[in-house]
Amino acid sequence: MIEHQRNVAIIFTFLYTGIRLSELQNLKTYEVNFNECSIFIHKGKGAKDRYVPIHPKLFSILNSYLRTRNQKLAASKYFFTSYRTEKRLTKKNIYTIFKKLSIACDIHITPHMLRHTMAKLSLEANLNAYKLKEILGHSNIATTQIYMSVSTENIRKSFNVLELL
C-alpha cells in the first residue's frame, strides 16, 4: 500500500511540478508547504533556489502519501523515502519505479520525459513562458522556448475561438 502510494506520488510530482530527478530525490519534508501550496527547491541546478506551486490535483496525492508514510515509518527529513526505512530514495530506486511503470504501460517513461510533458502541456494550456521558466528553474528563457512547439490540434483549437471581426 505505502509503496504504491509513494510511487503514484512520485510520478504525479514529476508530472505536475516539472522538478528534476535530483531535486525530487533531495526534497526534504519541511520543503513541502501544504499551507502555502508550494514546494521549495533548495539549491537546484545551478545552485538556484526556487518555489514550485503545488497543483490542486497533486496536493491531495502528496498529503495522503505523507500521512500514510508517517503512520508506517519513523520520521524522515526526506519527503520521498524507502517504503521500509526513513532513508531517501536513490536514483537507482527511482529508475526502478519507472522501469516497472514502463513495463506495465508498454511505453518507455523516464522522470525527465514527465518534466518535458509538464512543460509542453503547460505552454499549450497558455501558461506564460516566463512563469514556466521560473517553475522549471531555467536560467534563460531560450531553454524554456524549446517546449514551445505546439501540436496541430492545439493550433486548430486556438484559432477556432479567435474573434477576427
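**Exercises on helix α6 and the cysteines**

C105 is partly exposed, with a relative accessible area of 37%; partly exposed lies between buried (under 20%) and exposed (over 50%), using a 1.4 Å probe and protein chains only. The model is predicted, so local features need pLDDT of at least 70 and side-chain atom pairs pLDDT 80 or more, while totals for chains, interfaces and linings use all residues. Residues are numbered from 1 along each chain as its sequence is written, and side-chain values use heavy atoms, without hydrogens and water.

**Exercise 1.** State how many disulfides the structure holds.

*Solution.* Step 1: A disulfide is a covalent bond between the sulfur atoms of two cysteines; here the criterion is a pair of cysteine sulfur atoms within 2.5 Å. Step 2: The structure holds zero disulfides. Step 3: C37 is partly exposed, at 33% relative accessible area.

**Exercise 2.** Determine whether I135 is buried or exposed, and which residues it touches.

*Solution.* Step 1: I135 belongs to helix α6, residues 129–136; helices are DSSP runs of H or I with at least four residues, strands are runs of E with at least two, and both are numbered from the N terminus. Step 2: The relative accessible area of I135 is 13%, so I135 is buried. Step 4: R50 is 85 residues from I135 along the chain, yet their C-alpha atoms are separated by 7.4 Å.
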